[in-house]
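Please look at the sequence and the fold together, and keep both in view while reading.

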Amino acid sequence: MAAINLTALGLTLIGGLILGVVPAIVAAFWAVGRLDRPAADLARGMWDEWRAEFLRSNIVALPPLVAAIAALMAMPFGGVVAGLLLLVAILSAAYALAALQMLAQVDGTAGDARANAALAFALAPWRHVLATALVPAALIIGWSQPPLALWFGLSVPCLLARSFINPALVVALPTETRACRPA
């Protein structure tokens, strides 16, 4: 898990933080599905996955993530509007997480990833929202315990999110039409 996290951290830095983090998350999702491999193979595979998904993952995930951040920043201090904006932020982030998981698991275009993520999200929205709740939890733990963040900050949340989201993907994508990525 530490090798996955350190590789993802390096990939994020190579991509210039903002544009590098999204494909690094896709690469981490890819790697947590292959934990039986040696760390060197995971790092090499994550590099390949990061490069292959750099543009597509940013195209798929940045719009809903920007919408989530904009909704959070536009929230007034209270009231119904704040609640609705918070709901938009949570749902946008959950959809982005579903799309990143879809990119890590299934071959296809950015449009395919968006459509499959929307279907998976529609069939099991609470699984995605629960997986999204791991992000602030990971940030809080990482802020209070920097050594834990360095070693397990991205890999453990990706593993847990994958365990929440994968059952929704199985429902959304029939086995005979699923084109799983080669290992």
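Trp47, with a relative accessible area of 32%, is partly exposed. Please bear in mind that this is a predicted model, so that every value given here is computed from predicted positions.

How are Trp47 and Trp50 placed in the chain? Both belong to helix α3, which covers residues 39-74, and they are 3 residues apart, or about one turn of the helix. A search of the whole structure finds 2 aromatic pairs. In the pair made by Trp47 and Trp50, the ring centres are 5.6 Å apart and the planes meet at 15 degrees, so this pair is stacked. The reasoning rests on a cut-off, because planes under 30 degrees apart count as stacked. Together with Phe54, these two tryptophans, Trp47 and Trp50, form one aromatic cluster.

In soluble globular proteins, nonpolar side chains tend to be buried together. The largest nonpolar core in this model has 38 residues, and those that touch the most other members are Ile4, Phe29, Met46 and Leu100. At least two residues of this core come from each of the helices α1 (2-14), α2 (18-32), α3, α4 (80-105), α5 (110-123) and α9 (155-172), while α2 gives the most, with 10 residues.

Next come the spaces that the atoms leave open. Rolling a probe the size of a water molecule over the atoms shows where empty space is left. The largest pocket holds about 1,300 Å³ of space, and among the 41 residues that line this pocket, Val21, Ile25, Val135, Leu139 and Leu154 are the closest to its centre. Two or more lining residues come from each of α1, α2, α3, α4, α6 (125-132), α7 (134-144), α8 (146-152) and α9. What classes of residue make up the lining of the largest pocket? The lining has 36 nonpolar and 5 polar residues, and no charged ones.

The second largest pocket contains about 170 Å³ of space, and its lining includes Leu134, Ala137, Phe152 and Leu160. The elements that give two or more residues to this lining are α7, α8 and α9, and the largest share, 5 residues, comes from α7. By class, the lining of this second pocket has 10 nonpolar and 2 polar residues, with no charged residues.

Finally, the structure holds 1 cavity of 30 Å³ or more, and about 30 Å³ of space lies in this largest cavity. Among the residues that line the cavity are Met102, Asp107, Asp112 and Asn116. Helices α4 and α5 each supply at least two residues of the cavity lining, and α5 provides the largest share, with 3 residues. Which classes are found around the cavity? Its lining has 4 nonpolar, 3 polar and 2 charged residues.

Technical notes. Residues are numbered from 1 along each chain as its sequence is written. This is a predicted model: local features need pLDDT of at least 70, side-chain atom pairs count only at pLDDT 80 or more; totals for chains, interfaces and linings use all residues. Side-chain values use heavy atoms; hydrogens and water are left out. Rings of Phe, Tyr and Trp (its six-membered ring) pair if their centres lie within 6.5 Å; planes under 30 degrees apart count as stacked, over 60 as edge-to-face and the rest as tilted. Helices (H or I, at least four residues) and strands (E, at least two) are DSSP runs, numbered from the N terminus. Buried means under 20% relative accessible area, exposed over 50%, partly exposed in between (1.4 Å probe, protein chains only). A nonpolar core is a set of buried Ala, Val, Leu, Ile, Met, Phe, Trp, Tyr and Cys residues joined through side-chain atoms within 4.5 Å. On a 1 Å grid over the protein atoms alone, a cavity is a set of points where a 1.4 Å probe fits but cannot get out, and a pocket is an open set with protein on both sides within 12 Å along at least five of seven lines; lining residues have an atom within 4 Å of a point. Grid points are joined across faces, edges and corners, and a volume is the space filled by probe spheres set on the points. Ala, Val, Leu, Ile, Met, Phe, Trp, Tyr, Cys and Pro count as nonpolar, Asp, Glu, Lys and Arg as charged, and the others, Gly among them, as polar.
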